[in-house]
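Good morning, colleagues. Please have the sequence and the model open, and let us go through a few local features together.

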Amino acid sequence: MLLIEWHLLYICIPILIDMTFEATPAFAAQLDSTDPLKAYRQHFHIPEHEGKPVAYFCGNSLGLQPKQAAEYMQEELNDWATMGVEGHFRAKRPWFSYHHLFTDRLAAVVGALPTEVVAMNQLTVNLHLLMLSFYRPTATRYKIIMEAGAFPSDQYAIASQAMLHGFDPNTAIIEIAPREGSYTIAHEDILQAIADAGDTLALVLFGGVNYYTGQLFDMAGITAAAHAVGAYCGFDLAHAAGNASLSLHNWGVDFACWCSYKYLNAGPGAVGGAYIHEKHATNPHLFRLTGWWGNDETTRFAMKKQFIVQQSAGGWQMSNAPVMNMVALHASLNIFAECGMPALAAKRTLMNQYIDFLFSQLNNKPFEIITPTASHQRGCQLSLLFNENGKKIFEQLTQKGIIADWREPNVIRIAPVPLYNTYTDIYTFYAYISEFGLSEL
Ligand SMILES: *Cc1c(COP(=O)(O)O)cnc(C)c1O
């Protein structure tokens, strides 16, 4: 079995020695020159501003383009041009089985067995499809627990699923909010709400990392609590896949889905991904919406009336693979496979330590950091809550070639991505903010 036990590998990574950092461009450059992952930046196109690469902090929103994507796209166009329909079986990477290209590498990214993952559809579509299997409410067990302030698409999807089954979202959905005066959700509050809901609870559906605050949730703990009251547990990994260290299989997570255009660098609107735990993926009786691509591959083209389910996550596919929308994911996963999640985690930790250090050097910070500082509660995104002038600072950052993102009402998010960001990028952001703190607005 190709299950990689990432958490065991961590033990092998030398604990990062408590470094003495310096708030100087020379020190940042030194961190860059000794960075074991520095070569990976060369595999991406970095957008430019006035002839120089920008400091790109939006990998949490749209990851950068892997250079190899263009080559792969051209190969598919060539195979289509020269073979037409025969490309389904004769293309260099046959379209009939194109989605199989991803299973091993995606499984490694999310900590799953290859049979538990599939690249298909897009995120919100997958959320719906998986809820159709894992939200099967009864008159007494129908509640859903989710985080307050979840990404709007998730809120809409979950509410409409409650309505689909004839429930009022206001009574069926329990939202867990941060305590008064806090921006992030206390783990104990999640566990308590699950225990309180008890046998009325059908499903816990949480983000892995909250898109607004950057809080990384304890997915193993939430899953165990959901199972203890007989509920299913799923995660939206939009901001976690390719960012946080995940062990979905070992945590016993029932299902998860994600988009591939954020940390997975597969391009705007790229194919999404889904995970279904082996114990469910091999259960042919679990309800799902079906289509020919979920049919057993050996009989798919028999075109028979009877649906024979594939006993893997692939059994949730409905349509044939959108090949043109998958080529960049293929290019990007090559890079992930070569680098490996533990190495990414190590660089993410060091980058986070460097940011924390730099921000500790600021007098009169014009913002408050709302992302938890503990490393087990954050990925690489940092959310900065500005009191005033936030929008103006954001616009001026953009004009300086520092690409962050703005979330209403007053948050700037920055995500230094270990695959392609540099310590100099981080220093550049700090230097600009520190000047700003001093200058008058
Ligand atoms: C980015 C994001 C989405 C986007 O959904 P699509 O279906 O890919 O358009 C949904 N949910 C979360 C939590 C996200 O971060």
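In which loop is the place of Pro409? Pro409 sits in the loop between β14 (405-407) and β15 (411-414). Please keep in mind that what you see is a predicted model. The peptide bond that joins Glu408 to Pro409 is cis, with omega at about 0 degrees.

Asn121 is a residue other than glycine, and its phi is positive, near 50 degrees. Asn121 belongs to the loop between β4 (117-119) and α6 (123-134).

I turn next to the ligand. Which residues are around the ligand? They are Leu123, Thr124, Phe151, Asp154, Asp236, Ala238, His239, Tyr261 and Lys262. In the side chain of Asp154, an N or O atom is 2.6 Å from a nitrogen atom of the ligand. For Asp236, a polar side-chain atom lies 3.3 Å from a ligand nitrogen atom. On the side chain of Tyr261, an N or O atom is 2.5 Å from an oxygen atom of the ligand.

Now to the helices, and in particular to α13, residues 327-339. Helix α3, residues 68-83, packs with α13 at an angle of about 135 degrees, and the two axes are 8 Å apart. At that angle, α3 is therefore oblique to α13. The crossing of these two helices is right-handed. On the α3 side, the contact is made by Gln68, Ala69, Tyr72, Met73 and Glu76. On the α13 side, Val327, Ala328, His330, Ala331 and Asn334 take part. By residue class, the contact of α3 with α13 comprises six nonpolar, three polar and one charged.

Helix α13 also packs with α5, residues 103-110. How far apart are the axes of α5 and α13? The axes are 10 Å apart, and the angle is about 55 degrees. These two helices are therefore oblique to each other. In this case α5 passes α13 in a left-handed crossing. From α5, the residues Arg105, Leu106 and Val109 meet His330, Leu333, Asn334, Phe336 and Ala337 of α13. The contact of α5 with α13 divides into five nonpolar residues, two polar and one charged. Please note two residues of α13, His330 and Asn334: they are part of the contact with α3, and they also meet α5.

Finally, a residue in the loop between α12 (278-281) and α13, namely Ser319. Which residues does Ser319 touch, leaving aside those up to four places away in sequence? Ser319 touches Trp292 and Trp293. As for Thr138, Ser319 is 181 residues from it in sequence, and the C-alpha to C-alpha distance in space is 30 Å.

Thank you for your attention.

Technical notes: Residues numbered from 1 in each chain as written. Predicted model: local features only at pLDDT ≥ 70, side-chain atom pairs only at ≥ 80, totals over all residues. Heavy atoms only, no water. Axes fitted to C-alpha atoms, helices over the stretch in contact; angles between N-to-C directions. Helix = DSSP H or I, 4+ residues; strand = E, 2+ residues; numbered from the N terminus. Parallel < 35°, antiparallel > 145°, perpendicular 65-115°, else oblique. Left-handed = near helix turned anticlockwise from the far one by under 90°. Contact = heavy atoms within 4.5 Å. Nonpolar A, V, L, I, M, F, W, Y, C, P; charged D, E, K, R; others polar. Near = heavy atom within 4 Å. Polar contact = N/O pair within 3.5 Å; in protein donor to acceptor, adjacent residues only side chain to side chain.
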